[in-house]
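Good morning, colleagues. I would ask you to bring up the structure on your screens, and I shall then go through its main features.

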Amino acid sequence: MTQVKKITTPLDDHQVIQLKAGDSVLITGYIYTGRDAAHKRLIELLKKNQELPIDLKGQVIYYVGPAPAKPGYPCGSAGPTTSYRMDPYTPPLLEKGLKGMIGKGTRSKEVIESMKKNKAVYLGAVGGAAALIARRIKKSEVVAYPDLGAEAIHRYYVEDFPAIVVIDAQGNNLYETEPPKYKK
Amino acid sequence: MREINTTQIKNQIKELFLKANYHIDQELRQRLEEALSEETSPIGKSILQMIIENNKIASSEEIAICQDTGLAVLFIELGQEVQITGDDFTEAVNQGVKEAYEEGYLRKSVVDDPVFERKNTKTNTPAIIYTEIVPGDKIKFTVMPKGFGSENMSALAMLTPADGAAGIVHFIVETVRKAGPNPCPPTILGVGIGGTAEQAMLIAKKAIARKIGEHNPNERYAAMEKEALEKINNLGIGPAGLGGRTTTLAVHIDYLPTHIAGMPVAVNVCCHAARHAEGIL
């Protein structure tokens, strides 16, 4: 662990390049949610050359399907879901200007190559730390696909959302570099 | 015969699913604290601290520990001297699940058709219900909300008798190695050995609910649990897969008689939010 960096969204190439695998970050600003079903719909639109319901340029997608909010809470428990299921859908979204993804777990070679090409970063949030993360989500609204319920695309306003740079825009990957240090 | 009404059953199930989704049990909380003190990786330590803090927040505010409040798995031990009165038993169980998930602000994660429609049933039902008839005049319920990040990393191997204990340990360790960061480590593993293919997985699932710190009473199986745990933690995967000494918190092995030609081994993977609750009527 090197240092804690505060970052604000949306992200540009300059900000992305400065993020290095191993950095702890605190994210402030708007981020979008999306997981399996929403990704499938976005890709279907791209295949038909239709406009997406959100402009992805400079944006960050958080792979999450939150629990319902208790009265008085902006959102329910909201930890990351496993990212590899979004891999087949991800390169076309990076081509559209997506700059960051927050999730947990490995990414495919294709995703990492596309991240290097399009200058994007993959951030890891702690799986299962859903109640703790929810405290950093200050506002939540559904911006697309309300019929999908928890899987709808939400726009969150987050303050100091905790994450770790797992794969940076140069392709450095903590999942490959860290475990060997603790192997016996 | 002792009468138990389906309304009591429904209420009991609702209460247990709420409890399981908000509160991690004492043994697991203690094991996480131990893991934090033993962990050598700074990132690993910070992740374990977040997990411990998360569990405290969920418990004190009564909100879901994890947004994936899972499929509703139930193990029901039905005493043969119990007479169930009232409505349909299965409907009562599902109603209890539905009320817990609706009223407890828990995510509904069930889709009706696994391949084509994948439409959310919006009630988190049907529940997955395993009922066993046992002696006595009580009903024991073990409920397990089971998240799918870890379920997706589960595996079955139809090993041969010649593979022996070494082959089993190898398969358990390989399953964890291949899963890497995906199942939200540190994990808890349920391992079922013997029986038929589906029976092995069923006892593996049930073994996850064993109290952390308890070993299989058969010494040779307990030794396999310890050996597998040590080898897994030597992989270095660590908390959240970002490196460290804490990849798995416990390995729980159960076994059953099996066929002369086989040795099924099932590994059911559970994340660090190993949620379960028990109740007796």
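In this predicted model, nine residues of domain 1 of chain B are in contact with eight residues of domain 2 of chain B. On the domain 1 side of that boundary, strands S2 and S5 of chain B each supply at least two residues. The most comes from S5(B), with three residues. By class, this side of domain 1 of chain B divides into six nonpolar, one polar and two charged residues. As for the bounds, domain 1 of chain B comprises 2-20 + 65-146, and domain 2 comprises 149-274. Their C-alpha centres lie 26 Å apart.

In chain B, four strands form an open sheet in the order S4-S2-S5-S10, and the pairing is mixed. Its edge strands are S4 (128-134) and S10 (277-280) of chain B, each of which pairs on one side only. From one strand to the next, the twist averages 15°. In general, strands of a sheet pair through backbone hydrogen bonds, in either a parallel or an antiparallel sense. Here, S2 (residues 71-79) of chain B pairs with S4(B) in the parallel sense, over seven bridges. Within S4(B), Val134(B) stands opposite Gly79(B). Helix H1 (residues 6-22) of chain B lies across S2, S5 (139-146) and S10 of chain B, and runs at about 40° to S5(B).

Next, the nonpolar core. The largest one has 135 residues, and those with the most contacts inside it are Leu123(A), Ile172(B) and Val191(B). Strand S7 (residues 153-167) of chain A gives the most to this core, namely nine residues. Why does this core lie between domain 1 and domain 2 of chain B? It does so because both domains give residues to it. Setting aside residues up to four places away in sequence, Leu123(A) touches, among others, Val25(A), Gly100(A), Met101(A) and Ile102(A). Its partners also include Ala163(A), Ile164(A), Val165(A) and Val166(A).

Finally, I come to the interface between the chains. Here 38 residues of chain A are in contact with 41 residues of chain B. Helices H5 (130-134), H6 (174-177) and H7 (179-182) of chain A each supply at least two residues of the chain A side. The largest share of that side, four residues, comes from H7(A). By class, the side of chain A that touches chain B has 20 nonpolar, 12 polar and six charged residues.

Thank you for your attention.

Notes:
Residues are numbered from 1 along each chain as its sequence is written. Chains are lettered from A and ligands numbered from 1 in the order in which they are written. This is a predicted model: local features need pLDDT of at least 70, side-chain atom pairs count only at pLDDT 80 or more; totals for chains, interfaces and linings use all residues. Two residues are in contact if their C-beta atoms, placed from the backbone, lie within 7 Å. Ala, Val, Leu, Ile, Met, Phe, Trp, Tyr, Cys and Pro count as nonpolar, Asp, Glu, Lys and Arg as charged, and the others, Gly among them, as polar. Two strands pair if DSSP finds at least two bridges between them. Axes are lines fitted to C-alpha atoms, for helices over the stretch in contact, and angles run from 0 to 180 degrees between N-to-C directions. A nonpolar core is a set of buried Ala, Val, Leu, Ile, Met, Phe, Trp, Tyr and Cys residues joined through C-beta atoms within 7 Å. A residue is buried if 20 or more other C-beta atoms lie within 10 Å of its own, exposed if 12 or fewer, and partly exposed in between; C-beta atoms are placed from the backbone. Domain bounds come from an automatic or database domain assignment.
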